[in-house]
Amino acid sequence: MSSNSRMPRRDLDEAAVVVGDRAWLPFLRARHYLQYHDASLDFSLTQFFREARRLRG
């Protein structure tokens, strides 16, 4: 096996795309993006329902 051979990663989050001297982790970035937006949506919906319950009284 030559030193340039790449082994596939078991964890998709570790799969890198190498461009020149930079390595990108697109799956990890996508997971973080989705987690951030899920958390934002959860917070927003929680605030909405709390306000609706308060107004309904």
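**Salt bridge, rings and loop contacts**

Modeller: Glu-51 is partly exposed, since its relative accessible area is 35%. Keep in mind that this is a predicted model.

Biologist: What does the side chain of Glu-51 meet in a salt bridge?

Modeller: The partner is Arg-54, with an N to O distance of 2.5 Å. In general, side chains of opposite charge can pair when their charged atoms come close.

Biologist: How many salt bridges does the count come to?

Modeller: The count is one salt bridge.

Biologist: And is Arg-54 buried or exposed?

Modeller: Arg-54 is exposed, because its relative accessible area of 55% is over the 50% cut-off.

Biologist: Where do Arg-54 and Glu-51 sit relative to each other in the helix?

Modeller: Arg-54 and Glu-51 are three residues apart in helix H1, so about one helical turn separates them. An α-helix has 3.6 residues a turn, so residues three or four places apart point the same way.

Biologist: What does helix H1 span?

Modeller: H1 covers residues 26–56, which is 31 residues. From first C-alpha to last, H1 reaches 45 Å, close to the 45 Å expected at 1.5 Å a residue. Gly-57 follows H1 and has a positive phi, near 55 degrees.

Biologist: Switching to aromatics. How many aromatic pairs does the structure hold?

Modeller: The structure holds one aromatic pair. The rings are those of Phe-48 and Phe-49, with centres 5.2 Å apart and planes at 75 degrees, so the pair is edge-to-face.

Biologist: Are Phe-48 and Phe-49 buried or exposed?

Modeller: Phe-48 is exposed at a relative accessible area of 53%. Phe-49 counts as exposed too, with 51% relative accessibility.

Biologist: What share of the protein counts as buried, then?

Modeller: Of the 57 residues, 2% count as buried. The protein exposes about 5,800 Å², and carbon and sulfur atoms supply 56% of that area.

Biologist: What is the overall pattern along the sequence?

Modeller: Read along the sequence, the pattern is β-β-α, from one helix and two strands.

Biologist: Where does Leu-25 lie?

Modeller: Leu-25 is in the loop between E2 and H1. Leu-25 counts as partly exposed because its relative accessibility is 32%.

Biologist: Which residues does Leu-25 touch, leaving out those up to four places away?

Modeller: Leu-25 touches Asp-13, Glu-14, Ala-15 and Ala-16. Take Asp-13: the C-alpha atoms of Leu-25 and Asp-13 are separated by 6.9 Å, with the two residues 12 apart along the chain.

Biologist: What about Ala-16, where is that found?

Modeller: Ala-16 is in the segment before strand E1, which is 17–19. Ala-16 is partly exposed, with a relative accessible area of 44%. Apart from neighbours within four places in sequence, Ala-16 is in contact with Ala-23, Trp-24 and Leu-25.

Biologist: How far apart are the C-alpha atoms of Ala-16 and Pro-26?

Modeller: Those C-alpha atoms are separated by 7.0 Å, and Ala-16 and Pro-26 are 10 residues apart along the chain.

Biologist: Last topic, confidence. What does the protein average in pLDDT?

Modeller: The average pLDDT is 83, and 84% of the residues score at least 70.

Biologist: Where is confidence lowest, and where is it highest?

Modeller: Confidence is lowest in strand E2, residues 22–24, at a mean of 86. Confidence is highest in H1, at 90.

Notes:
Residues are numbered from 1 along each chain as its sequence is written. This is a predicted model: local features need pLDDT of at least 70, side-chain atom pairs count only at pLDDT 80 or more; totals for chains, interfaces and linings use all residues. Side-chain values use heavy atoms; hydrogens and water are left out. Helices (H or I, at least four residues) and strands (E, at least two) are DSSP runs, numbered from the N terminus. The expected span of a helix is 1.5 Å times one less than its number of residues. pLDDT is the predictor's confidence in each residue, from 0 to 100. Buried means under 20% relative accessible area, exposed over 50%, partly exposed in between (1.4 Å probe, protein chains only). Contact means heavy atoms within 4.5 Å. Rings of Phe, Tyr and Trp (its six-membered ring) pair if their centres lie within 6.5 Å; planes under 30 degrees apart count as stacked, over 60 as edge-to-face and the rest as tilted. Accessible areas come from the Shrake-Rupley method with a 1.4 Å probe; for residues, only the protein chains shown count as cover. A salt bridge is a side-chain nitrogen of Lys or Arg within 4 Å of a carboxyl oxygen of Asp or Glu.
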